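Take a moment to look over the structure below.

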Amino acid sequence: MKGIKVNLGGKEILHGISFSTDGGINVILGPNGSGKTTLLRTLIGMIKPSEGEIQINKRIAYVPSEFFPAQMKVRDVLLSGEKKRKIEDYLENAKLLGIETFLDREFSSLSSGEKRLTLICKALSEGDLIIMDEPLSNLDLANKMRIMKIMTEMAKRKEFLITSHELDVLNISNKVIIMKKGKVVYEGKPSDVTEEVLSEVYEVRIRKYEVDGKTFFFVES
């Protein structure tokens, strides 16, 4: 992504965004309204930039943060838009995600977390570059840990670009991009992210701690 500008409703939302992914797990952080979702939608072609250049050389699969409750079975959601695929192509990831037991349930009857797991299964089975908007939202603790473990295990053969409000994902990421008000304010190694950068971006005092080789962040009251 180089010099990307996006205008929506007469207002510039993204201001000359430039960054590259480095393979593995790439995480985009930032508060609500920072432009994270607009950036992902621009990457997949839903939104046309007014300026800039995008280069992608991998098959993209996208998991949105919000979705409509489709009136169709889970297996049909997985197969939608993929004429050359069979349900067997999705079973390995369905088992990893724990959704193999409700392939014949109506998608609309699932919980928010189950719907998200279904769409993540579809993306993991179809894409080489997995773009996910808030993939950990609406998931319980066990499923959050499951998704992070799966991404870590698959990061050698697939590339991930995700947005998140969970600062713990820095422990599994290879690169982090931090946004505020439609601009990139940091791009680099997760280990180099400072308390000062996060505190300025989120406008709260954030403390950084290292415990057993892992980094934890806490909001100071």
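Helix α6 spans residues 195-202, and its buried residues are Glu195, Leu198, Ser199 and Val201. Buried means under 20% relative accessible area, exposed means over 50%, and partly exposed lies in between (1.4 Å probe, protein chains only). Helices (H or I, at least four residues) and strands (E, at least two) are DSSP runs, numbered from the N terminus.

The model is predicted: local features need pLDDT of at least 70, side-chain atom pairs count only at pLDDT 80 or more, and totals for chains, interfaces and linings use all residues. Residues are numbered from 1 along each chain as its sequence is written, and side-chain values use heavy atoms, leaving out hydrogens and water.

What covers the buried residues of α6? The cover includes β8 (175-180), β9 (183-188), β10 (206-211) and β11 (214-219). After α6 comes Glu203, with a positive phi near 60°.

Now look at one of these strands, β9. Gly188 lies in β9. Is Gly188 buried or exposed? Gly188 is buried, at a relative accessible area of 16%. Leaving aside residues up to four places away in sequence, Gly188 touches Lys175 and Val176. Contact here means heavy atoms within 4.5 Å. Ile178 is 10 residues from Gly188 along the chain, and their C-alpha atoms are 9.1 Å apart.

Strand β10 holds Tyr209. Tyr209 counts as partly exposed, because its relative accessibility is 42%.
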